[in-house]
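Here's a quick tour of a protein model and what its geometry tells us. Have the viewer open as you read.

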Amino acid sequence: MRLQGKVAIVTGGGTGIGQGIAVLFAKEGASIVVFGRRPEPLNETVQLIKQKGGKAIAIPTDVSLFEQVQKAVQQVVTQFGKIDILVNNAGVYLPHDALSASEEEWNTVMSIDLKGVWTCAKAVLPQMLKAGSGKIVNIASIAGLIGFEQSAAYCAAKGAVVNLTREMALDYAPKGINVNAIAPGVIESDMTKPFLSEEASKKSFLDKTPIGRIGKPEDIGYAAVYLASNESDFVVGHTLVVDGGWTIR
Ligand SMILES: NC(=O)c1ccc[n+]([C@@H]2O[C@H](COP(=O)([O-])OP(=O)(O)OC[C@H]3O[C@@H](n4cnc5c(N)ncnc54)[C@H](O)[C@@H]3O)[C@@H](O)[C@H]2O)c1
């Protein structure tokens, strides 16, 4: 098992990609803590893991609020004594262009998709620095690497996550902490359901994906296991694209 004995926090771990990552991490031997706003989906992930004999707890937390995150992280330390892995996965998508975006929408996306990465890292880093080791995996997006219409705040936030990953990697690699990111393409989840349930938009996604299928949460989970394990110790500040080939053209 590749994450045996590790303690991992997965934000937004109640649904979609976060749930896929949490379940695979548990299969690889990690104890899982899922952070998220809604208790029901978080508990579903905990049950899924426990049914298979894994260890997991849920802590309802809004990643956009540093004080809440800090309290949640303290709870993890009290219960497990350490934090080896942080996966910053929580995120929202709102459709708008720069003109139509409201200030509230802009702030919502920025405070979850970008600030949420920083709040969780800031709360967890003292534990990793004390241990002299740790793995942080930020879930960015191919929308952080190329432009997507009607995604102004989302593209801006995800592009910033890619570069924050490099910045944090520079600061903490000398201290034994690897910071990397994953840029998923289109993956089946609550976020993409509105698009994938519409035949025309699903077809347009498939046309842009050379591998010929929509991604599944476990496609991202396997990449996250690699970046969270010791196998990636020499990988620093990298954004691993997992998109079925969308961005290679
Ligand atoms: N699905 C895709 O095609 C795709 C592609 C690229 C990147 N991503 C990214 O993957 C991540 C997971 O998305 P998903 O596709 O699984 O969608 P999702 O909607 O199923 O998951 C997002 C999760 O984040 C949680 N969340 C939202 N706001 C939060 C907050 N303030 N505090 C704590 N938790 C919060 C939600 O409750 C949900 O569980 C996101 O960062 C998303 O931007 C998704």
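## Helix α8 and its surroundings

Start with what the buried residues of α8 pack against: β1 (7-11), α1, β4 (85-88), β5 (134-139), β6 (177-184) and β7 (239-242). Here helices (H or I, at least four residues) and strands (E, at least two) are DSSP runs, numbered from the N terminus. Contact means C-beta atoms, placed from the backbone, within 7 Å. A residue is buried if 20 or more other C-beta atoms lie within 10 Å of its own, exposed at 12 or fewer, and partly exposed in between.

Nine of the twelve residues in α8 are buried, so the helix is largely enclosed by the rest of the structure. Among them are Pro-217, Asp-219, Ile-220 and Gly-221. The length checks out too: at 1.5 Å a residue, the twelve residues of α8 (217-228) should span 16 Å, and its end C-alpha atoms are 16 Å apart. That expected span is 1.5 Å times one less than the number of residues.

## Where the numbers come from

This is a predicted model, where local features need pLDDT of at least 70 and side-chain atom pairs count only at pLDDT 80 or more, while totals for chains, interfaces and linings use all residues. Residues are numbered from 1 along each chain as its sequence is written.

## Overall fold and core

The chain has eight helices and seven strands. Its radius of gyration is 17 Å, close to the 18 Å from the globule rule for 249 residues, so it is as compact as a globular protein of that length. The radius is taken over C-alpha atoms, and the rule is 2.2 Å times the number of residues to the power 0.38. Of the 249 residues, 46% count as buried.

The largest nonpolar core holds 71 residues, with Ala-8, Phe-25 and Ile-32 having the most contacts inside it. Such a core is a set of buried Ala, Val, Leu, Ile, Met, Phe, Trp, Tyr and Cys residues joined through C-beta atoms within 7 Å. Leaving out residues up to four places away in sequence, Phe-25 touches Ala-8 and Ile-32, and its partners also include Val-225 and Ala-228.

## Around the ligand

Which residues come nearest the ligand? Of the 30 around it, they are Gly-12, Gly-16, Gly-91, Ser-189 and Met-191; being near means a C-beta atom, placed from the backbone, within 6 Å. The largest share of this shell, three residues, comes from α1.

Conventions: Contact = placed C-beta atoms within 7 Å.
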